[in-house]
Amino acid sequence: MSRDKHVTPALAYIRKLYAQEDALLSRINTTIFEEDQAIHISPEEGKLLHLLARMIQAETIVEIGTLLGYSAVWLARALPPHGRLITLEKDAKRAARTRELIAGSDVETRIAILEGDALQTLSTLTGQVDMVFMDADKISYPAYLDWAEKQVRSGGLIIADNTLLSGAVYGDRPERISPAAQEAMKNFNKRLADSQKFCTLQLPSQDGLTIALKI
Ligand code: SAH
Ligand code: DHB
Ligand code: MG
């Protein structure tokens, strides 16, 4: 979801206790606000992703949509030293800026930034993974799910941001959402509701955050 404009006292309390940003996360956050679009996850969503990755002892995670590496850092810190967070970004400037931001940090060796269109890159990633976090172009989520269904191990996680698509999936008509994107996300959500294949919940965050355990 995009950054909450309104930080309630409860949220401030939770963030301070459990989702504090260190210098690196804080610098990435500031850089996003100064140089790019603030469409990254919130600190508590970052901590949730981190916690989920640790709960399944993830060693290999694929993230689709890097921006400037904010969620990547939360995820990478859940990995053991030999673990890898592979993050896919089509925008060359964003990929380069992310490399600069994480250079010399604790997570530099655990993050691999692969530049290019995610669908193209995914077709080259053939090994099994523990977790996928989708947060790029929403119209491609069904195609990303085709890949994730094959590559995520049983007991692994498929996580996706923005799965309410500004309300489009349940009938709102937000102007900037195309009918094709609306259909794509409805289809994506319906597929993850198959309890033979997944144990899923969509968290009612601002724009919906789906968590699916692959059975
Ligand atoms: N996960 C990040 C935010 C990602 S914003 C965080 O929370 O910190 C979405 C990103 O996806 C943007 O940087 C955009 O350039 C990228 N993106 C959009 N379409 C893409 C595609 N087809 N392939 C790869 N990256 C894509
Ligand atoms: C947008 C993308 C996101 O991933 C998000 O969480 C919020 C907004 C966007 O493209 O506008
Ligand atoms: Mg998002």
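Analyst: In this predicted model, a polar atom in the side chain of Asp-135 is 2.9 Å from a nitrogen atom of ligand 1. Two further contacts involve oxygen atoms of the ligand. An N or O atom in the side chain of Arg-94 lies 2.9 Å from an oxygen atom of ligand 1, and a backbone N or O atom of Leu-67 is 3.4 Å from an oxygen atom of ligand 1. On its own, ligand 1 has 590 Å² of accessible area, and the protein covers 94% of it. The site of ligand 1 is the largest pocket.

The shell around ligand 1 consists of 21 residues, and the closest are Ser-71, Glu-89, Asp-117, Ala-118 and Asp-135. Nine residues of this shell are nonpolar, seven are charged and five are polar. Helix α4 (70–76) and strand β2 (84–89) each contribute at least two residues to the shell.

Asp-135 also takes part in a metal site. Together with Asp-161 (OD) and Asn-162 (OD1), Asp-135 (OD) coordinates the magnesium ion, ligand 3, at 2.0 to 2.1 Å. The donor residues follow the sequence spacing D-x25-D-N. Asp-135 belongs to the loop between β4 (129–134) and α7 (141–151), while Asp-161 is in strand β5 (residues 152–161), so the pair ties together parts that are 26 residues apart in sequence.

Notes: Residues numbered from 1 in each chain as written. Chains lettered and ligands numbered in written order. Predicted model: local features only at pLDDT ≥ 70, side-chain atom pairs only at ≥ 80, totals over all residues. Heavy atoms only, no water. Near = heavy atom within 4 Å. Polar contact = N/O pair within 3.5 Å; in protein donor to acceptor, adjacent residues only side chain to side chain. Areas by Shrake-Rupley, 256 points an atom, 1.4 Å probe, with all protein chains shown as cover. 1 Å grid on protein atoms, 1.4 Å probe; cavity = no way out; pocket = protein on both sides within 12 Å on 5 of 7 lines; lining within 4 Å. Sits in = over half its atoms within 2 Å of the grid points. Helix = DSSP H or I, 4+ residues; strand = E, 2+ residues; numbered from the N terminus. Nonpolar A, V, L, I, M, F, W, Y, C, P; charged D, E, K, R; others polar. Donors = N, O, S within 2.8 Å, 3.2 Å for Na, K, Ca; no water.
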